[in-house]
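Subject: Handing over a structure

Hi there,

Here is the structure I promised to pass along. Please have a look at it first, and then read on for my notes on what turned up.

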Amino acid sequence: MQIRARATRKEAEDNMQTPEGAAYRKDLEQKLTAFEDPCLKQSSGDQHKFELIVQIGKDGSAENAQTQQRPDAFGGCMLRALYLSYTRKETPFTAPPRAAYWVVLELDPATLAASAK
């Protein structure tokens, strides 16, 4: 499992090094606010940065989401929200540069809380 997790992370990092990957991450970060805002309220002031590795399907669905650290309240809520979106067959994101596209995101509840005010 660790070998697979490292390979997934490397693929996501490699994707973020390309111009199209960097542009896609910015777009994805904007669309994630629909998930972040409710999770920020539910996490009751949890202020820990959280790294999320997400696989986006060709249609813009969140096909997989994982972290290499133990998620706190905010992180757990984000993982749960993305999973529920997947089970409902929602497509909340723009189609990625290619199918099964891995992205690394760093989410900071403190920054989100400040920008929400």
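Before the rest, a word on the source. This is a predicted model, in which local features need pLDDT of at least 70 and side-chain atom pairs count only at pLDDT 80 or more, while totals for chains, interfaces and linings use all residues. Residues are numbered from 1 along each chain as its sequence is written, and side-chain values use heavy atoms, with hydrogens and water left out.

Some terms will come up again and again. Helices (H or I, at least four residues) and strands (E, at least two) are DSSP runs, numbered from the N terminus. Buried means under 20% relative accessible area, exposed means over 50%, and partly exposed is in between (1.4 Å probe, protein chains only).

E1 (50–56) is joined by four bridges to E2 (residues 62–66), and the two run antiparallel; strands count as paired if DSSP finds at least two bridges between them. E1 and E2 make a hairpin with five residues between them, and in the turn Gly60 has a positive phi of about 95°.

E1 also pairs with E3 (101–107), again in the antiparallel sense, over seven bridges. There, Phe50 stands opposite Leu107. E1 is mostly covered, with seven of its seven residues buried. Phe50, Leu52, Val54 and Ile56 are buried on one side, and Glu51, Ile53 and Gln55 are buried on the other. E3 is mostly covered too, with six of its seven residues buried.

Do also look at Lys49, in the loop between H3 and E1. Lys49 and Leu107 are 58 residues apart along the chain, yet their C-alpha atoms are separated by 5.7 Å. Leaving aside neighbours within four places in sequence, Lys49 is in contact (heavy atoms within 4.5 Å) with Gln69, Glu106, Leu107, Asp108 and Pro109.

The helices

H1 (residues 2–16) has 15 residues and reaches 21 Å from its first C-alpha to its last, close to the 21 Å expected at 1.5 Å a residue. That expected span is 1.5 Å times one less than the number of residues. Which residues of H1 are buried? They are Thr8, Ala12, Asn15 and Met16. Seen down the axis of H1, these buried residues fall within an arc of 100°, so they line one face of the helix. The arc is that of the directions from the helix axis to the C-beta atoms. An α-helix has 3.6 residues a turn, so residues three or four places apart point the same way. What covers the buried residues of H1 includes H2, E1, E2 and E3. On the other side of H1, Gln2, Ile3 and Arg6 are exposed.

H3 has its own buried residues, namely Phe35, Glu36, Cys39 and Leu40. Down the axis of H3 they fall within an arc of 125°, so they too line one face of the helix. Ala34, Lys41 and Gln42 are exposed on the other side of H3. Just after H3, Ser44 takes a positive phi of about 50°.

The disulfide

The structure holds one disulfide, a term for a pair of cysteine sulfur atoms within 2.5 Å. This one joins Cys39 to Cys77, with 2.1 Å from S to S. Cys39 lies in H3 (residues 33–42) and Cys77 in H4 (residues 73–87), so the pair ties together parts that are 38 residues apart in sequence. The link is left-handed, with -75° about the S-S bond. Cys39 is buried, with a relative accessible area of 2%, and Cys77 is buried at 5%.

The core

Finally, the largest nonpolar core has 21 residues. Such a core is a set of buried Ala, Val, Leu, Ile, Met, Phe, Trp, Tyr and Cys residues joined through side-chain atoms within 4.5 Å. Leu32, Met78, Leu82, Phe93 and Leu107 have the most contacts inside this core. Its largest share, five residues, comes from H4. Not counting residues up to four places away in sequence, Leu32 touches Met78, Leu82, Phe93, Leu105 and Leu107.
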